[in-house]
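Have the coordinates open while you read.

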Amino acid sequence: MSALTPPTDMPTPTTDKITQAAMETIYLCKFRVSMDGEWLCLRELDDISLTPDPEPTHEDSWEDLTDLVEQMRDDTEDPNYLMANERMNLMNMAKLSIKGLIESALNLGRTLDSDYAPLQQFFVVMEHCLKHGLKAKKTFLGQNKSFWGPLELVEKLVPEAAEITASVKDLPGLKTPVGRGRAWLRLALMQKKLSEYMKALINKKELLSEFYEPNALMMEEEGAIIAGLLVGLNVIDANFCMKGEDLDSQVGVIDFSMYLKDGNSSKGSEGDGQITAILDQKNYVEELNRHLNATVNNLQAKVDALEKSNTKLTEELAVANNRIITLQEEMERVKEESSYILESNRKGPKQDRTAEGQALNEARKHLKEETQLRLDVEKELEIQISMRQEMELAMKMLEKDVCEKQDALVSLRQQLDDLRALKHELAFKLQSSDLGVKQKSELNSRLEEKTNQMAATIKQLEQSEKDLVKQAKTLNSAANKLIPKHH
């Protein structure tokens, strides 16, 4: 790059335009992981090829361009310049991530979970932003860089954050500070107060200076811009299940392919829309299935309760029948005794009739009470029989309802299987289309190579034609010189 020499037959780019293009370009695809695996760095400006501008200029502009590139190369070796580039790049990545997350979430139209890819990439970008410029703390195990320390300060600045900090500390599966920091970010997003917490933290530069270098992202203007951008995430509803999720060993790698657009983005979006619709239908069917299962369980519990009540009523009915039989036998015995007393009164003396009359009155009174008791028992028996008939009718209706629910459940399961088969078919078609696009792109690259080769061949032929024309002119001039000599 330092030894640039302009070709004679091609126009040269202007210094101002190349400088402006180099300064305004964000090299999103030029990241590489450093040796310690803790940070992503930009490629140096030496590796960037600048495309010539079609405007013609003077030859002395190339000398100015060479000096400019040498100066830019010296600037890239400055640590402050590198940190500024890293901050700018992270800020733009945060813009892309937040914008893509909001648009995709609004198009999806449902609560997001931890498996949603744009949401995962947002947390990865936020983790890189919080790690930028962290001071290394020396421990007996070596140097350690963790963004959990700054996040713990938020509960001192905003009392509402104490709840999520306590929840993070109480989670049993988290063993490292990195895992606690990731869990804190997810809980803050669920509260829809991530922007508020970040603003409160960034405003306290004197507290952050203990954890960050002076030119870190959280200490500069880019951090405040990112905190302002986080306000837009308050329109998103997210739900995370922290139990069982391994946040300690996750690898935070930014997937740049999610933010690059190509010619097939429209097809991919259509396929994603179809898959999203299928997933929504699947979730609806599963939710309906859960409701039906709950209804069936409730009906089954009611049936069991009715069966127990029926058994109890049957036992009470048997007891009532036995009591009725006993009362009937006692009434027959009382009738026999009364008839015997009447006969004896007719035959016996008059002195005994008074005592026997009293006994007869008592027997009649006892008979009347027993008769009333029998009527009450018969009435209660009729009530129990009518209740039993009603319960039997209710049980039949419940059994019929259960059968209908089971049939609906079978049909819904069949629909779910059909939706799954359709999902697999669409996924297969999407893979086939991706393979066809890949083959077409390879064919296109081959055609471009052949075109370049043919262009080079044409240039060689034109050059040879020019050489032949020059030789012909030379021969003609030589012939013209020879002809006068002969004359």
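Angles under 35 degrees count as roughly parallel, over 145 as roughly antiparallel, 65 to 115 as roughly perpendicular, and the rest as oblique. The axes behind them are lines fitted to C-alpha atoms, for helices over the stretch in contact, with angles running from 0 to 180 degrees between N-to-C directions. This is a predicted model, where local features need pLDDT of at least 70, side-chain atom pairs count only at pLDDT 80 or more, and totals for chains, interfaces and linings use all residues. Residues are numbered from 1 along each chain as its sequence is written, and side-chain values use heavy atoms, with hydrogens and water left out.

Q: What makes H3 and H4 roughly antiparallel?
A: The axes of H3 (residues 79-108) and H4 (residues 117-131) cross at roughly 155 degrees and come within 9 Å. The cut-off is over 145, so H3 and H4 are roughly antiparallel to each other. The helices themselves are DSSP runs (H or I, at least four residues; strands are E, at least two), numbered from the N terminus.

Q: Which residues of H3 and H4 make the contact?
A: On the H3 side they are Leu90, Met93, Ala94, Ser97, Ile98, Leu101 and Ser104, and on the H4 side Pro118, Leu119, Gln121, Phe122, Val125, His128 and Cys129. Contact here means heavy atoms within 4.5 Å.

Q: How many residues of each class are in the contact of H3 with H4?
A: There are ten nonpolar, four polar and no charged ones. Ala, Val, Leu, Ile, Met, Phe, Trp, Tyr, Cys and Pro count as nonpolar, Asp, Glu, Lys and Arg as charged, and the others, Gly among them, as polar.

Q: What makes Leu412 a buried residue?
A: Its relative accessible area is 11%, so Leu412 is on the buried side of the cut-off. Leu412 lies in H13 (residues 350-486) and touches Val285, Leu288 and Leu292, leaving aside residues up to four places away in sequence. Leu412 and Leu288 are 124 residues apart along the chain, yet their C-alpha atoms are separated by 8.5 Å.

Q: What makes H9 mostly covered?
A: Seven of the nine residues of H9 (residues 194-202) are buried. They are Leu194, Ser195, Tyr197, Met198, Ala200, Leu201 and Ile202.

Q: Why is Lys192 called partly exposed?
A: Lys192 has 34% relative accessibility, so it falls in the partly exposed class. Lys192 sits in the loop between H8 and H9, and its phi is near 65 degrees, a positive value in a residue other than glycine. Most residues other than glycine have a negative phi.

Q: How many helices and strands does the chain have?
A: There are 13 helices and four strands. Of the 487 residues, 30% are buried.

Technical notes: Buried means under 20% relative accessible area, exposed over 50%, partly exposed in between (1.4 Å probe, protein chains only).
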